[in-house]
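Here is a briefing on one protein chain.

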Amino acid sequence: SEKMANLYGQLPQTRYQLGDSLEGVRLMRESLSRYREILGPTHRNTLITMANLARQLTEAGGAAEAEQLAPSVLGQLDSTDAGQRTQYVLTTRTLGGAILAQGRAREALPVLARALEMTRHDVGEEQVRTGHAQLSYGSALLALGRRSEAEPLIRAATATLQKHTSDQPRL
């Protein structure tokens with residue numbers, strides 16, 4: 001059932017957030033398999049799980065695989081549908097991060113610029129998601145040696161994320 005699949009999907013996120021990235025990725029793979037089996041390959045929760053796996057892979061050293069997964073998710077989401085927009089934007093940032101993690105900053109830059117633009121449009125300047133998008137884009141600029149452009153973004157991101165961390169320490 002969908003409820004059971006959703007419960008099963010919480011464990012990988014929790015393990016990953018607690019710092020057990022290898023086990024989190026392993027469990028996320030299992031969760032994705034179950035979502036595909038129970039809900040189907042195009043169900044919203046299956047796509048979210050696939051996007052979460054891509055993000056975890058990028059952070060855990062599997063950026064090449066993440067780069068393969070993210071476009072699959074993006075191709076099935078509608079960026080104009082309010083119910084899918086947040087996941088679309090986050091997955092765009094994940095794709096840019098996966099490309100950047102493989103040392104292809106020039107290729108990652110327009111993807112991360114688009115993710116930042118969409119995030120700003122959707123939630124404004126001083127939100128956690130905007131801070132993460134600024135940090136990602138700023139990291140790509142730094143990788144390209146564009147320090148003067150990167151520094152203000154990274155400073156703004158740091159201030160936003162610190163503010164929200166002190167407001168909500170669990171972040």
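Of the 171 residues in the chain, 43% count as buried, meaning under 20% relative accessible area with a 1.4 Å probe on protein chains only; over 50% is exposed and in between is partly exposed. The model is predicted: local features need pLDDT of at least 70, side-chain atom pairs count only at pLDDT 80 or more, and totals for chains, interfaces and linings use all residues. Residues are numbered from 1 along each chain as its sequence is written, and side-chain values use heavy atoms, with hydrogens and water left out.

**Fold**
- The chain has eight helices and zero strands. Helices (H or I, at least four residues) and strands (E, at least two) are DSSP runs, numbered from the N terminus.
- Read from the N terminus, the element order is α-α-α-α-α-α-α-α.
- Contact means heavy atoms within 4.5 Å. Among contacts between residues at least 6 apart in sequence, 52% join residues at least 24 apart.

**Nonpolar cores**
- A nonpolar core is a set of buried Ala, Val, Leu, Ile, Met, Phe, Trp, Tyr and Cys residues joined through side-chain atoms within 4.5 Å.
- The largest one holds 17 residues, and L95, L100, L112, Y137 and L141 have the most contacts inside it.
- At least two residues of this core come from each of α4 (63–74), α5 (82–101), α6 (105–123), α7 (128–143) and α8 (147–167).
- The most comes from α6, with six residues.
- L95 touches E67, A70, P71, L74 and V111, leaving out residues up to four places away in sequence.
- A second, separate core has 15 residues, including M50, A51, A63 and L69.

**The α5–α7 pair**
- The two helices α5 and α7 pack at about 25 degrees, with axes 11 Å apart. Axes are lines fitted to C-alpha atoms, for helices over the stretch in contact, and angles run from 0 to 180 degrees between N-to-C directions.
- α5 and α7 are therefore roughly parallel to each other, a label for angles under 35 degrees.
- On the α5 side, T86, L90, R93 and L100 meet R129, H132, A133, S136, S139, A140 and A143 of α7.
- The residues of this contact divide into five nonpolar, four polar and two charged. Ala, Val, Leu, Ile, Met, Phe, Trp, Tyr, Cys and Pro count as nonpolar, Asp, Glu, Lys and Arg as charged, and the others, Gly among them, as polar.

**T49**
- T49 sits in helix α3, residues 44–59.
- T49 counts as buried because its relative accessibility is 4%.
- Beyond neighbours within four places in sequence, T49 contacts M28, S31, L32 and Y35.

Note on methods: Angles under 35 degrees count as roughly parallel, over 145 as roughly antiparallel, 65 to 115 as roughly perpendicular and the rest as oblique.
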